[in-house]
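Biologist: I would like to go through a few residue labels and hear what each one rests on.
Modeller: Here is the structure to look at.

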Amino acid sequence: MSKTRVVITGLGATTPLGGDVASSWEGLLAGRSGARRLTDDWVQNLAVQIAAPVVVEPTEVIERVKARRLDRNAQLAVVAAREAWADSGLEGSGLDKERLGVAVASGIGGLHTTLANYDALQNNPRRVSPLAIPMLMPNSSAAYVSLEFGAKAGVHTPVSACASGNEAIALGLDQIRLGRADVVLAGGTEGAIMALPLAAFSQMMALSKRNDEPERASRPWDADRDGFLLGEGAGILVLESYEHAKARGAKIYAEIAGAGISADGHDIAQPDPTGSGARRAMERALSEGDLTPADIKHINAHATSTPQGDIAESLAIRLALGKAADDAVATAPKSMIGHLLGAAGAVESIATVLALHQRVVPPTINVDKLDDQIELDVATEQRKLADGDLAALNNSFGFGGHNAAIAFKTV
Amino acid sequence: MASTEEIRSDLAEIVNEIAGIPVEDVQLDKSFTDDLDVDSLSMVEVVVAAEEKFDVKIPDDEVKNLKTVGDAVAFIERAQNG
(Lines give C-alpha, C1' and ligand atoms only; values in the text may rest on other atoms or scores of the structure.)
Protein backbone atom coordinates (compact mmCIF):
# COMPACT_ATOMS: atom_id res chain seq x y z
CA MET A 1 0.00 0.00 0.00
CA SER A 2 1.43 3.36 -0.92
CA LYS A 3 1.83 5.89 1.86
CA THR A 4 -0.23 9.06 1.91
CA ARG A 5 1.98 11.95 0.86
CA VAL A 6 2.21 14.69 3.46
CA VAL A 7 3.43 18.19 2.70
CA ILE A 8 4.15 21.41 4.58
CA THR A 9 1.81 24.24 3.62
CA GLY A 10 2.31 26.77 6.39
CA LEU A 11 5.02 27.91 8.79
CA GLY A 12 4.94 29.99 11.98
CA ALA A 13 7.59 30.81 14.55
CA THR A 14 8.65 33.15 17.30
CA THR A 15 12.31 32.83 18.25
CA PRO A 16 15.32 34.58 19.78
CA LEU A 17 15.98 36.01 16.31
CA GLY A 18 12.53 37.31 15.41
CA GLY A 19 8.81 37.36 16.09
CA ASP A 20 7.98 35.51 12.88
CA VAL A 21 9.41 33.07 10.35
CA ALA A 22 10.78 35.69 7.95
CA SER A 23 12.80 37.58 10.55
CA SER A 24 14.00 34.37 12.24
CA TRP A 25 15.13 32.90 8.92
CA GLU A 26 16.85 36.14 7.96
CA GLY A 27 18.70 36.07 11.30
CA LEU A 28 19.79 32.46 10.77
CA LEU A 29 21.06 33.17 7.26
CA ALA A 30 22.93 36.22 8.55
CA GLY A 31 24.59 34.17 11.30
CA ARG A 32 23.19 36.39 14.04
CA SER A 33 23.23 35.32 17.69
CA GLY A 34 20.09 35.66 19.79
CA ALA A 35 22.02 35.21 23.04
CA ARG A 36 22.32 37.83 25.74
CA ARG A 37 23.31 38.34 29.31
CA LEU A 38 20.27 38.33 31.57
CA THR A 39 19.92 41.32 33.87
CA ASP A 40 16.91 40.25 35.95
CA ASP A 41 17.24 40.31 39.73
CA TRP A 42 16.56 36.58 39.95
CA VAL A 43 19.62 35.75 37.90
CA GLN A 44 22.19 37.43 40.12
CA ASN A 45 23.24 34.42 42.20
CA LEU A 46 23.07 31.83 39.41
CA ALA A 47 26.18 30.25 37.89
CA VAL A 48 24.72 30.67 34.39
CA GLN A 49 23.39 34.14 33.57
CA ILE A 50 23.00 33.90 29.80
CA ALA A 51 20.12 32.77 27.58
CA ALA A 52 18.41 33.44 24.26
CA PRO A 53 14.98 34.98 24.97
CA VAL A 54 12.41 35.71 22.28
CA VAL A 55 12.73 39.18 20.79
CA VAL A 56 8.98 39.81 20.62
CA GLU A 57 7.10 39.33 23.88
CA PRO A 58 4.01 37.20 23.18
CA THR A 59 1.96 39.50 25.41
CA GLU A 60 2.55 42.27 22.87
CA VAL A 61 0.83 40.13 20.24
CA ILE A 62 -1.96 38.29 22.07
CA GLU A 63 -5.03 40.13 23.37
CA ARG A 64 -4.57 41.07 27.03
CA VAL A 65 -7.42 39.05 28.55
CA LYS A 66 -6.55 35.97 26.53
CA ALA A 67 -2.85 36.29 27.36
CA ARG A 68 -3.50 36.28 31.13
CA ARG A 69 -5.24 32.90 30.78
CA LEU A 70 -2.29 31.34 28.94
CA ASP A 71 1.03 30.20 30.35
CA ARG A 72 4.02 31.65 28.50
CA ASN A 73 4.38 28.27 26.74
CA ALA A 74 0.88 28.52 25.32
CA GLN A 75 1.31 32.20 24.46
CA LEU A 76 4.35 31.40 22.34
CA ALA A 77 2.56 28.46 20.72
CA VAL A 78 -0.50 30.54 19.85
CA VAL A 79 1.66 33.27 18.28
CA ALA A 80 3.44 30.71 16.08
CA ALA A 81 0.23 28.84 15.26
CA ARG A 82 -1.57 32.01 14.16
CA GLU A 83 1.25 32.79 11.73
CA ALA A 84 1.32 29.22 10.38
CA TRP A 85 -2.45 29.19 9.97
CA ALA A 86 -2.47 32.53 8.12
CA ASP A 87 0.45 31.39 5.97
CA SER A 88 -1.38 28.19 4.98
CA GLY A 89 -4.37 30.03 3.53
CA LEU A 90 -6.69 27.56 5.28
CA GLU A 91 -8.82 30.26 6.88
CA GLY A 92 -12.08 30.43 4.97
CA SER A 93 -11.09 27.46 2.78
CA GLY A 94 -14.00 25.36 3.99
CA LEU A 95 -11.73 22.89 5.82
CA ASP A 96 -13.81 20.38 7.81
CA LYS A 97 -12.62 21.06 11.37
CA GLU A 98 -13.25 17.42 12.30
CA ARG A 99 -10.36 16.71 9.93
CA LEU A 100 -8.06 19.28 11.58
CA GLY A 101 -5.69 17.90 14.22
CA VAL A 102 -3.06 19.37 16.54
CA ALA A 103 0.23 18.01 17.86
CA VAL A 104 2.05 20.62 19.93
CA ALA A 105 4.83 19.52 22.22
CA SER A 106 6.58 21.00 25.19
CA GLY A 107 9.53 19.61 27.08
CA ILE A 108 8.68 21.10 30.46
CA GLY A 109 5.12 22.43 30.39
CA GLY A 110 3.66 25.46 32.11
CA LEU A 111 6.45 26.09 34.57
CA HIS A 112 5.81 29.84 34.89
CA THR A 113 2.31 29.06 36.09
CA THR A 114 3.46 26.29 38.40
CA LEU A 115 6.04 28.48 40.12
CA ALA A 116 3.87 31.61 40.30
CA ASN A 117 0.99 29.67 41.86
CA TYR A 118 3.29 27.92 44.29
CA ASP A 119 4.39 31.37 45.45
CA ALA A 120 0.75 32.45 45.72
CA LEU A 121 -0.04 29.30 47.71
CA GLN A 122 2.60 30.13 50.32
CA ASN A 123 1.01 33.53 50.76
CA ASN A 124 -2.68 32.59 50.67
CA PRO A 125 -4.27 29.47 49.13
CA ARG A 126 -7.19 31.57 47.87
CA ARG A 127 -4.77 33.46 45.64
CA VAL A 128 -4.06 30.29 43.65
CA SER A 129 -5.57 30.93 40.24
CA PRO A 130 -8.65 28.89 39.31
CA LEU A 131 -6.93 28.61 35.93
CA ALA A 132 -3.68 27.23 37.36
CA ILE A 133 -4.34 23.63 36.26
CA PRO A 134 -5.46 24.39 32.69
CA MET A 135 -2.44 26.69 32.38
CA LEU A 136 0.24 24.42 33.83
CA MET A 137 -0.82 21.10 32.33
CA PRO A 138 1.61 19.97 29.60
CA ASN A 139 -1.18 19.69 27.01
CA SER A 140 -2.27 23.28 27.60
CA SER A 141 -0.48 24.69 24.55
CA ALA A 142 -1.86 22.03 22.22
CA ALA A 143 -5.34 22.58 23.66
CA TYR A 144 -5.19 26.36 23.25
CA VAL A 145 -3.94 25.97 19.67
CA SER A 146 -6.90 23.66 18.98
CA LEU A 147 -9.30 26.20 20.50
CA GLU A 148 -7.81 29.00 18.43
CA PHE A 149 -8.87 27.31 15.17
CA GLY A 150 -11.63 24.96 16.32
CA ALA A 151 -9.62 21.81 15.59
CA LYS A 152 -11.75 18.74 16.28
CA ALA A 153 -9.59 15.80 15.17
CA GLY A 154 -7.03 14.49 17.71
CA VAL A 155 -5.20 17.02 19.87
CA HIS A 156 -1.87 15.62 21.10
CA THR A 157 1.10 16.55 23.26
CA PRO A 158 4.13 14.32 22.87
CA VAL A 159 6.56 14.82 25.75
CA SER A 160 10.08 13.57 25.14
CA ALA A 161 12.27 16.38 26.45
CA CYS A 162 14.31 17.95 23.66
CA ALA A 163 13.03 15.48 21.05
CA SER A 164 9.44 16.62 21.68
CA GLY A 165 9.15 19.06 18.77
CA ASN A 166 10.25 16.50 16.21
CA GLU A 167 8.11 13.84 17.83
CA ALA A 168 5.08 16.12 17.43
CA ILE A 169 5.81 16.41 13.72
CA ALA A 170 6.20 12.63 13.48
CA LEU A 171 2.89 12.20 15.28
CA GLY A 172 1.21 14.70 12.98
CA LEU A 173 2.55 12.81 9.98
CA ASP A 174 1.13 9.58 11.41
CA GLN A 175 -2.30 11.14 11.99
CA ILE A 176 -2.55 12.08 8.34
CA ARG A 177 -1.11 8.78 7.08
CA LEU A 178 -3.53 6.85 9.28
CA GLY A 179 -6.39 8.81 7.75
CA ARG A 180 -7.35 10.47 11.04
CA ALA A 181 -6.88 14.02 9.77
CA ASP A 182 -6.27 15.94 6.56
CA VAL A 183 -4.41 18.79 8.22
CA VAL A 184 -2.40 18.87 11.46
CA LEU A 185 -0.87 21.88 13.17
CA ALA A 186 2.32 20.35 14.50
CA GLY A 187 5.27 21.74 16.40
CA GLY A 188 6.59 22.66 19.79
CA THR A 189 6.83 25.45 22.31
CA GLU A 190 8.97 26.29 25.32
CA GLY A 191 9.23 29.34 27.53
CA ALA A 192 11.45 28.15 30.36
CA ILE A 193 14.06 30.85 30.82
CA MET A 194 13.66 31.02 34.57
CA ALA A 195 15.88 30.56 37.59
CA LEU A 196 14.88 26.95 38.28
CA PRO A 197 15.66 25.48 34.83
CA LEU A 198 18.85 27.54 34.55
CA ALA A 199 20.01 26.33 37.96
CA ALA A 200 18.94 22.74 37.29
CA PHE A 201 20.55 22.42 33.85
CA SER A 202 23.61 24.10 35.29
CA GLN A 203 23.78 21.52 38.09
CA MET A 204 23.72 18.84 35.38
CA MET A 205 26.78 20.60 33.89
CA ALA A 206 24.80 20.87 30.67
CA LEU A 207 25.01 24.66 30.15
CA SER A 208 27.74 26.89 28.82
CA LYS A 209 29.12 29.17 31.52
CA ARG A 210 30.46 31.80 29.13
CA ASN A 211 28.62 34.57 30.99
CA ASP A 212 30.97 37.25 29.72
CA GLU A 213 30.51 36.47 26.04
CA PRO A 214 26.94 35.23 25.58
CA GLU A 215 27.03 35.40 21.78
CA ARG A 216 30.04 33.07 21.78
CA ALA A 217 28.58 30.61 24.33
CA SER A 218 26.73 28.26 21.99
CA ARG A 219 29.39 26.75 19.75
CA PRO A 220 28.35 23.34 18.43
CA TRP A 221 31.24 21.30 17.02
CA ASP A 222 33.85 23.82 18.14
CA ALA A 223 36.76 22.34 20.10
CA ASP A 224 36.10 24.75 22.99
CA ARG A 225 32.37 24.14 23.46
CA ASP A 226 31.28 23.81 27.09
CA GLY A 227 27.53 23.21 27.03
CA PHE A 228 24.30 24.54 25.60
CA LEU A 229 22.60 27.91 25.76
CA LEU A 230 18.99 27.93 26.97
CA GLY A 231 16.63 29.49 24.43
CA GLU A 232 12.86 29.91 24.18
CA GLY A 233 10.27 30.17 21.46
CA ALA A 234 7.83 28.16 19.38
CA GLY A 235 7.51 26.74 15.91
CA ILE A 236 4.38 25.38 14.22
CA LEU A 237 4.16 23.71 10.82
CA VAL A 238 0.97 23.05 8.89
CA LEU A 239 1.08 19.42 7.78
CA GLU A 240 -1.40 18.54 5.07
CA SER A 241 -2.09 15.57 2.86
CA TYR A 242 -0.72 16.26 -0.61
CA GLU A 243 -4.10 15.51 -2.11
CA HIS A 244 -5.85 18.04 0.14
CA ALA A 245 -3.21 20.69 -0.49
CA LYS A 246 -3.32 20.13 -4.23
CA ALA A 247 -7.11 20.29 -4.35
CA ARG A 248 -7.16 23.74 -2.80
CA GLY A 249 -4.15 25.02 -4.74
CA ALA A 250 -2.05 25.56 -1.61
CA LYS A 251 1.57 26.62 -1.78
CA ILE A 252 3.84 23.74 -0.76
CA TYR A 253 7.18 24.31 0.96
CA ALA A 254 8.40 20.72 1.08
CA GLU A 255 7.29 17.16 1.68
CA ILE A 256 7.76 15.10 4.85
CA ALA A 257 9.20 11.89 3.50
CA GLY A 258 9.39 10.01 6.77
CA ALA A 259 10.03 10.07 10.49
CA GLY A 260 12.28 7.87 12.57
CA ILE A 261 11.82 7.37 16.29
CA SER A 262 14.09 5.33 18.54
CA ALA A 263 15.34 5.12 22.10
CA ASP A 264 18.90 4.71 23.33
CA GLY A 265 18.10 2.34 26.18
CA HIS A 266 21.32 3.62 27.69
CA ASP A 267 21.03 6.41 30.29
CA ILE A 268 18.54 9.00 31.53
CA ALA A 269 20.75 11.97 30.62
CA GLN A 270 23.90 10.88 28.75
CA PRO A 271 23.67 10.11 25.04
CA ASP A 272 24.76 6.62 24.00
CA PRO A 273 28.40 7.27 23.03
CA THR A 274 28.19 4.67 20.26
CA GLY A 275 25.47 6.75 18.54
CA SER A 276 23.44 3.63 17.94
CA GLY A 277 20.05 5.02 18.98
CA ALA A 278 20.44 8.20 16.95
CA ARG A 279 21.65 6.13 14.01
CA ARG A 280 18.52 3.99 14.12
CA ALA A 281 16.28 7.08 14.19
CA MET A 282 17.93 8.45 11.04
CA GLU A 283 17.88 5.06 9.30
CA ARG A 284 14.18 4.65 10.09
CA ALA A 285 13.40 8.13 8.76
CA LEU A 286 15.18 7.26 5.50
CA SER A 287 13.52 3.88 5.25
CA GLU A 288 10.05 5.24 5.96
CA GLY A 289 10.66 7.93 3.36
CA ASP A 290 11.97 5.50 0.73
CA LEU A 291 15.20 7.47 0.66
CA THR A 292 18.81 6.37 0.43
CA PRO A 293 21.74 8.05 2.20
CA ALA A 294 22.80 9.55 -1.14
CA ASP A 295 19.52 11.53 -1.26
CA ILE A 296 20.42 13.44 1.91
CA LYS A 297 22.19 16.66 0.98
CA HIS A 298 21.61 18.58 4.18
CA ILE A 299 21.50 17.75 7.87
CA ASN A 300 20.06 20.08 10.46
CA ALA A 301 21.83 18.54 13.43
CA HIS A 302 20.67 18.40 17.02
CA ALA A 303 24.19 19.66 17.93
CA THR A 304 23.53 21.40 21.22
CA SER A 305 27.16 22.34 21.93
CA THR A 306 27.67 19.82 24.72
CA PRO A 307 31.05 18.03 24.70
CA GLN A 308 29.71 14.43 24.46
CA GLY A 309 26.44 14.97 22.59
CA ASP A 310 27.95 16.58 19.51
CA ILE A 311 30.46 13.76 19.09
CA ALA A 312 27.89 10.99 19.55
CA GLU A 313 25.65 12.61 16.91
CA SER A 314 28.50 13.04 14.45
CA LEU A 315 29.33 9.37 14.87
CA ALA A 316 25.67 8.42 14.43
CA ILE A 317 25.42 10.43 11.22
CA ARG A 318 28.51 8.69 9.82
CA LEU A 319 27.01 5.34 10.73
CA ALA A 320 23.60 6.13 9.24
CA LEU A 321 24.77 7.76 6.01
CA GLY A 322 28.19 6.20 5.52
CA LYS A 323 30.24 7.83 2.78
CA ALA A 324 27.18 9.88 1.73
CA ALA A 325 27.68 12.00 4.87
CA ASP A 326 30.51 13.74 3.00
CA ASP A 327 27.93 15.24 0.63
CA ALA A 328 25.44 16.36 3.29
CA VAL A 329 25.92 19.95 4.43
CA ALA A 330 25.54 20.03 8.21
CA THR A 331 24.43 23.01 10.24
CA ALA A 332 23.56 23.76 13.86
CA PRO A 333 21.00 26.53 14.38
CA LYS A 334 21.49 26.22 18.16
CA SER A 335 24.72 28.18 17.64
CA MET A 336 22.42 31.19 17.10
CA ILE A 337 19.08 30.55 18.82
CA GLY A 338 20.28 28.33 21.64
CA HIS A 339 18.42 25.24 22.71
CA LEU A 340 14.64 25.67 22.60
CA LEU A 341 14.06 22.30 24.36
CA GLY A 342 10.57 21.12 23.34
CA ALA A 343 10.42 23.72 20.58
CA ALA A 344 13.87 22.94 19.15
CA GLY A 345 12.80 20.22 16.73
CA ALA A 346 9.91 22.31 15.45
CA VAL A 347 11.81 25.55 14.90
CA GLU A 348 14.70 23.66 13.34
CA SER A 349 12.32 21.69 11.12
CA ILE A 350 11.14 25.04 9.82
CA ALA A 351 14.77 25.94 9.11
CA THR A 352 15.27 22.59 7.34
CA VAL A 353 12.13 23.07 5.25
CA LEU A 354 13.22 26.59 4.26
CA ALA A 355 16.73 25.38 3.45
CA LEU A 356 15.23 22.90 0.97
CA HIS A 357 12.69 25.39 -0.34
CA GLN A 358 15.22 28.19 -0.87
CA ARG A 359 18.18 25.86 -1.45
CA VAL A 360 20.41 27.59 1.03
CA VAL A 361 21.76 26.32 4.37
CA PRO A 362 22.31 28.81 7.20
CA PRO A 363 25.77 28.91 8.76
CA THR A 364 26.87 27.52 12.10
CA ILE A 365 28.53 30.30 14.06
CA ASN A 366 31.36 30.16 16.60
CA VAL A 367 33.20 27.24 15.00
CA ASP A 368 36.65 28.76 15.54
CA LYS A 369 38.36 25.40 15.53
CA LEU A 370 36.40 22.34 14.45
CA ASP A 371 36.68 19.54 16.98
CA ASP A 372 38.77 16.86 15.29
CA GLN A 373 36.30 14.20 16.39
CA ILE A 374 33.55 15.84 14.30
CA GLU A 375 33.49 14.24 10.87
CA LEU A 376 30.88 16.35 9.13
CA ASP A 377 30.79 18.87 6.31
CA VAL A 378 30.02 21.81 8.59
CA ALA A 379 28.61 24.96 7.01
CA THR A 380 30.46 27.81 8.69
CA GLU A 381 29.08 30.17 6.05
CA GLN A 382 25.84 30.11 4.04
CA ARG A 383 25.93 27.20 1.62
CA LYS A 384 23.90 26.74 -1.56
CA LEU A 385 22.13 23.47 -2.23
CA ALA A 386 22.03 21.98 -5.72
CA ASP A 387 19.00 22.07 -8.01
CA GLY A 388 16.93 18.95 -8.58
CA ASP A 389 15.36 16.52 -6.12
CA LEU A 390 17.04 16.45 -2.75
CA ALA A 391 16.30 15.54 0.82
CA ALA A 392 17.36 16.66 4.29
CA LEU A 393 17.30 15.31 7.83
CA ASN A 394 16.43 17.16 11.02
CA ASN A 395 17.63 15.49 14.22
CA SER A 396 16.36 15.99 17.77
CA PHE A 397 17.39 14.00 20.81
CA GLY A 398 16.16 14.30 24.37
CA PHE A 399 16.96 13.41 27.95
CA GLY A 400 15.51 9.97 28.51
CA GLY A 401 17.28 8.63 25.42
CA HIS A 402 14.63 9.82 22.95
CA ASN A 403 15.72 10.16 19.33
CA ALA A 404 13.53 11.66 16.61
CA ALA A 405 14.69 12.29 13.07
CA ILE A 406 12.51 13.75 10.31
CA ALA A 407 13.33 13.41 6.63
CA PHE A 408 12.08 16.19 4.38
CA LYS A 409 12.35 16.39 0.61
CA THR A 410 11.84 18.95 -2.11
CA VAL A 411 8.55 18.90 -4.00
CA MET B 1 -17.13 54.75 53.65
CA ALA B 2 -17.16 54.05 49.92
CA SER B 3 -20.31 55.01 48.04
CA THR B 4 -22.31 52.55 45.92
CA GLU B 5 -20.92 54.22 42.79
CA GLU B 6 -17.33 53.99 44.03
CA ILE B 7 -17.74 50.28 44.75
CA ARG B 8 -19.38 49.67 41.37
CA SER B 9 -16.58 51.56 39.63
CA ASP B 10 -13.81 49.67 41.47
CA LEU B 11 -15.58 46.35 40.80
CA ALA B 12 -15.88 47.30 37.13
CA GLU B 13 -12.10 47.77 37.01
CA ILE B 14 -11.61 44.28 38.46
CA VAL B 15 -14.05 42.71 35.98
CA ASN B 16 -12.31 44.53 33.17
CA GLU B 17 -8.88 43.37 34.28
CA ILE B 18 -9.93 39.73 34.60
CA ALA B 19 -12.53 39.24 31.90
CA GLY B 20 -11.90 42.15 29.56
CA ILE B 21 -15.43 43.54 29.86
CA PRO B 22 -15.50 47.31 29.15
CA VAL B 23 -15.89 49.15 32.48
CA GLU B 24 -18.91 51.11 31.21
CA ASP B 25 -20.79 47.83 30.64
CA VAL B 26 -20.43 46.77 34.27
CA GLN B 27 -23.68 48.35 35.55
CA LEU B 28 -25.76 47.41 38.61
CA ASP B 29 -28.54 45.69 36.63
CA LYS B 30 -26.18 43.49 34.62
CA SER B 31 -25.94 39.73 35.24
CA PHE B 32 -22.35 38.48 35.43
CA THR B 33 -23.07 35.34 33.43
CA ASP B 34 -25.99 36.27 31.16
CA ASP B 35 -25.07 39.87 30.28
CA LEU B 36 -21.32 40.14 30.84
CA ASP B 37 -20.33 36.60 29.88
CA VAL B 38 -18.09 36.19 32.93
CA ASP B 39 -17.50 32.43 33.22
CA SER B 40 -17.42 30.58 36.53
CA LEU B 41 -13.62 30.42 36.76
CA SER B 42 -13.28 34.13 36.03
CA MET B 43 -15.94 34.74 38.70
CA VAL B 44 -13.68 33.00 41.24
CA GLU B 45 -10.89 35.40 40.31
CA VAL B 46 -13.24 38.39 40.52
CA VAL B 47 -14.36 37.32 44.01
CA VAL B 48 -10.80 36.92 45.31
CA ALA B 49 -9.71 40.23 43.81
CA ALA B 50 -12.80 41.94 45.30
CA GLU B 51 -12.06 40.50 48.74
CA GLU B 52 -8.61 42.07 48.64
CA LYS B 53 -9.72 45.35 47.13
CA PHE B 54 -12.62 45.94 49.52
CA ASP B 55 -11.16 44.12 52.53
CA VAL B 56 -14.18 41.85 52.97
CA LYS B 57 -14.85 38.11 53.09
CA ILE B 58 -17.09 36.65 50.42
CA PRO B 59 -17.85 33.05 51.46
CA ASP B 60 -18.07 30.46 48.66
CA ASP B 61 -21.72 29.79 49.63
CA GLU B 62 -22.52 33.43 49.01
CA VAL B 63 -21.04 33.63 45.50
CA LYS B 64 -23.98 31.85 43.87
CA ASN B 65 -26.29 34.59 45.18
CA LEU B 66 -24.27 37.32 43.50
CA LYS B 67 -26.05 37.13 40.16
CA THR B 68 -25.86 40.78 39.18
CA VAL B 69 -23.31 43.52 39.64
CA GLY B 70 -25.86 45.16 41.97
CA ASP B 71 -26.01 42.00 44.13
CA ALA B 72 -22.21 42.09 44.50
CA VAL B 73 -22.08 45.80 45.27
CA ALA B 74 -24.85 45.43 47.89
CA PHE B 75 -23.05 42.49 49.50
CA ILE B 76 -19.77 44.43 49.67
CA GLU B 77 -21.54 47.47 51.16
CA ARG B 78 -23.19 45.32 53.85
CA ALA B 79 -19.92 43.52 54.60
CA GLN B 80 -18.01 46.78 54.93
CA ASN B 81 -20.68 48.26 57.21
CA GLY B 82 -21.06 45.09 59.23
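**Labels and their grounds**

Modeller: The model is predicted. Apart from neighbours within four places in sequence, Cys162(A) is in contact with His302(A), His339(A), Leu341(A), Ser396(A), Phe397(A) and Gly398(A).

Biologist: What does UniProt list for Cys162(A), and where is Cys162(A) found?
Modeller: An unreviewed UniProt entry lists Cys162(A) under "active site". Cys162(A) is in the loop between β5 (155-156) and α7 (164-177) of chain A.

Biologist: Why is Cys162(A) called buried?
Modeller: Its relative accessible area is 9%, and buried means under 20%, so Cys162(A) counts as buried.

Biologist: How do you know that Asp272(A) has no salt bridge?
Modeller: The nearest side chain of opposite charge, Arg280(A), is 6.2 Å away. A salt bridge needs a distance within 4 Å, so the buried Asp272(A) has none.

Biologist: Which side chain has a polar contact with that of Asp272(A)?
Modeller: The side chain of Thr274(A), at 2.8 Å. Asp272(A) itself lies in the loop between β8 (254-263) and α10 (276-288) of chain A.

Biologist: What makes Met205(A) exposed?
Modeller: Its relative accessible area is 67% and the label requires over 50%, so Met205(A) is exposed. Met205(A) also has a positive phi of about 60 degrees, although it is not a glycine.

Biologist: Is Ser305(A) buried or exposed, and why?
Modeller: Buried, because its relative accessibility is 0% and the cut-off is under 20%. Ser305(A), not a glycine, has a positive phi of about 95 degrees.

Key:
Residues numbered from 1 in each chain as written. Chains lettered and ligands numbered in written order. Predicted model: local features only at pLDDT ≥ 70, side-chain atom pairs only at ≥ 80, totals over all residues. Heavy atoms only, no water. UniProt positions renumbered as here; feature names shortened; annotations may be inferred. Helix = DSSP H or I, 4+ residues; strand = E, 2+ residues; numbered from the N terminus. Buried < 20%, exposed > 50% of the residue type's maximum accessible area, 1.4 Å probe, protein only. Contact = heavy atoms within 4.5 Å. Lys, Arg positive; Asp, Glu negative; His and termini not counted. Polar contact = N/O pair within 3.5 Å; in protein donor to acceptor, adjacent residues only side chain to side chain.
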